[in-house]
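Here is a short tour to read with the structure open beside you.

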Amino acid sequence: MVPDNATPLHIPHRSRNVPPDAWCDYDRPVPPSWAELAARRGFRIDRRVRDRYHLALECLSCGAYTAVKIAALRDAAVRCGGCAARDREQNAQGAGLTFLRRDPVARHYGYFRAPCGHTVRRQFELIQRVRSGKTGLRCALCLVAREQDEARAHGWHRIGSDFAGNPAYRLYRHACGHVQRIARVNMRHGQCDCARCGESWSSKPSVIYLARISLPGLAGDVVKFGYSAHPRKRFKHQLGLPKSARVRFVRLLEMPSGHAACAAEKAANARLARDFPDLVVPQTIYRGLINVRSEIYWPAILGEIEAELDRISGQTQAR
């Protein structure tokens, strides 16, 4: 609100640091050429404001007043502040929110009241997509409360976000005091045995293995890198290897729990597949010979896997 005028004046975002009393009328005539230019842009020049460089334009569509530079009227597409404010409020209502205020620092963001009553900060463009049904919007505070309730129902306490930065995981503390990262979906369904005091495979000792496999029909060996509580039993009864296949374990690394073995092995295999894609054996080569879909490599990668095992061993001992 300008002190000497009862009509609200919308100010460009780059000029919002200017105090309201600086936008008082500037008593100079308006050249006819400016009025014609404003009319072509959908505005009427109401008056000059602040200094010789600024105008107050009345929108011919909604009647709101917007302050602009004369240069912007000549060279740029002028946007009505009133129309923009109306669009923000309509988008918020269409998305089931109440628009509260703009973010004073980031012009693309605003604050909204969600149906749960909490205040959320979101991009205006995101609110448009929510209104059109292209995405959803959730309250972070309600999500944390829901995850806390889910954890409490299964004897856990939600500590916070995953230390590895994976949005699908959270960090939890079990009733016994053990801290563990667990997938959110597993906690939701109660599939979350404690790696310290539980009775499932995840809490029992396990082994990360590195094995060379000779398969019929292949000129050379392939390498399998995985984990199991009983590696020899897995290769004999679970992988579906032909009877003529030959398996030689290159290295067996004992792990304190199946949970620790699973986490370390999956992370190591992800790094290997990312950094050495040419050493990953295509599934078409071993389909029907090994009952797996990944974790099969050419022997040239043995040194890298050994380094991964050394790293895992060092981290396990440090704990």
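## Around helix H1

Just after helix H1, Gly42 adopts a positive phi of about 90°. Helices (H or I, at least four residues) and strands (E, at least two) are DSSP runs here, numbered from the N terminus. This is a predicted model, in which local features need pLDDT of at least 70 and side-chain atom pairs count only at pLDDT 80 or more, while totals for chains, interfaces and linings use all residues. Residues are numbered from 1 along each chain as its sequence is written, and side-chain values use heavy atoms, with hydrogens and water left out.

H1 itself covers residues 32-40, and its residues Trp34, Leu37 and Ala38 are buried. Buried means under 20% relative accessible area, exposed over 50% and partly exposed in between, with a 1.4 Å probe and protein chains only. An α-helix has 3.6 residues a turn, so residues three or four places apart point the same way. On the face of H1 turned away from the buried side you will find the exposed residues Pro32 and Arg40. The buried residues pack against strand E2 (43-49), strand E3 (54-59) and helix H2 (70-75), where contact means heavy atoms within 4.5 Å.

Two strands pair if DSSP finds at least two bridges between them.

In the loop between E2 and E3 sits Arg50. Its phi is near 65°, a positive value in a residue other than glycine. Arg50 counts as partly exposed, at 31% relative accessibility.

## The largest nonpolar core

Which residues touch the most other members of the largest nonpolar core? Among its 17 residues, they are Ile208, Phe225, Met255, Tyr297, Ile305, Leu309 and Ile312. A nonpolar core is a set of buried Ala, Val, Leu, Ile, Met, Phe, Trp, Tyr and Cys residues joined through side-chain atoms within 4.5 Å. Two or more residues come from each of strand E11 (206-214), strand E12 (222-228), strand E13 (246-255), helix H8 (258-275) and helix H10 (302-318). H8 gives the most, with five residues.

Leaving aside neighbours within four places in sequence, its contacts include Val222, Phe225, Leu272, Val281 and Ile305.

## Strand E12 and its partners

Six of the seven residues of E12 are buried, so this strand is largely enclosed by the rest of the structure. E12 pairs with E11 in the antiparallel sense over seven bridges, with Val222 in E12 as the bridge partner of Ile213. E12 also pairs with strand E14 (residues 296-297), again antiparallel, over two bridges; here Ile296 in E14 is the partner of Lys224.

Glu295 lies in the loop between helix H9 (283-286) and E14. Phi of Glu295 is near 65°, a positive value in a residue other than glycine, and at 22% relative accessibility Glu295 counts as partly exposed.

## A buried glutamate and an exposed valine

Not counting residues up to four places away in sequence, Glu147 touches Arg158, Arg170 and Arg184.

Val105 is found in the loop between strand E5 (98-102) and strand E6 (109-113). This valine is exposed, with a relative accessible area of 78%. Val105 and Leu57 are 48 residues apart in sequence and 25 Å apart in space, C-alpha to C-alpha.

## The whole protein

The secondary structure comes to ten helices and 14 strands. The radius of gyration is 32 Å, well over the 20 Å that the globule rule gives for 319 residues, so the protein is more spread out than a compact globule. That radius is taken over C-alpha atoms, and the rule is 2.2 Å times the number of residues to the power 0.38. Of the 319 residues, 38% count as buried.
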